[in-house]
Amino acid sequence: MLEMSRPLNYVTAQVLHFFQPFLVVLTDAAAYDQFTAFLEQRGSMDYIAERLEAIDAERTSRSTAPPGAP
């Protein structure tokens with residue numbers, strides 16, 4: 001899903017800016033601004049996808065490691 005939405009990351013950031021007055025009530029305003037600024041950057045969706053894959057690979061390697069192994 002992230003790879004399909006790659007071309008829309010800037011549009012998504014703009015939609016989040018539009019809904020900011022409503023969503024800031026539920027979230028941290030500074031973190032929300034940082035996230036929308038991050039989404040405006042080219043390659044942000046690639047970074048999120050790569051990070052999720054790395055976390056998944058780490059979790060998979062932990063679950064298949066023998067007990068007591070670091």
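Analyst: Let us begin with contact, which here means heavy atoms within 4.5 Å. This is a predicted model, and in it Leu16 touches Leu23, Tyr32, Phe35, Thr36 and Leu39, leaving aside residues up to four places away in sequence.

User: Is Ala13 buried or exposed, and which residues does Ala13 touch?

Analyst: Buried means under 20% relative accessible area; Ala13, which is found in helix H1, has a relative accessible area of 0% and is therefore buried. Not counting residues up to four places away in sequence, Ala13 touches Thr36, Leu39 and Glu40. Ala13 and Tyr32 lie 19 residues apart in sequence, and their C-alpha atoms are 10 Å apart in space.

User: Which residues make up the largest nonpolar core?

Analyst: In soluble globular proteins, nonpolar side chains tend to be buried together. Here the largest nonpolar core has 5 residues, namely Ala13, Leu16, Tyr32, Leu39 and Met45, and at least two residues of this core come from each of H1 and H3.

User: Which residues of H4 are buried, and which are exposed?

Analyst: Ser44, Met45 and Ala49 are buried in H4. They cover an arc of only 140° around the axis, so they sit on the same side of H4, whereas Glu50 and Arg62, on the other side of H4, are exposed. Helix H1 (9-18) and helix H3 (29-40) are among the elements that cover the buried residues of H4.

User: What span should helix H4 have?

Analyst: At 1.5 Å a residue, the 21 residues of helix H4 (residues 44-64) should span 30 Å, which agrees with the 30 Å between its end C-alpha atoms.

Note on methods:
Residues are numbered from 1 along each chain as its sequence is written. This is a predicted model: local features need pLDDT of at least 70, side-chain atom pairs count only at pLDDT 80 or more; totals for chains, interfaces and linings use all residues. Side-chain values use heavy atoms; hydrogens and water are left out. Helices (H or I, at least four residues) and strands (E, at least two) are DSSP runs, numbered from the N terminus. The expected span of a helix is 1.5 Å times one less than its number of residues. Buried means under 20% relative accessible area, exposed over 50%, partly exposed in between (1.4 Å probe, protein chains only). The arc is that of the directions from the helix axis to the C-beta atoms. A nonpolar core is a set of buried Ala, Val, Leu, Ile, Met, Phe, Trp, Tyr and Cys residues joined through side-chain atoms within 4.5 Å.
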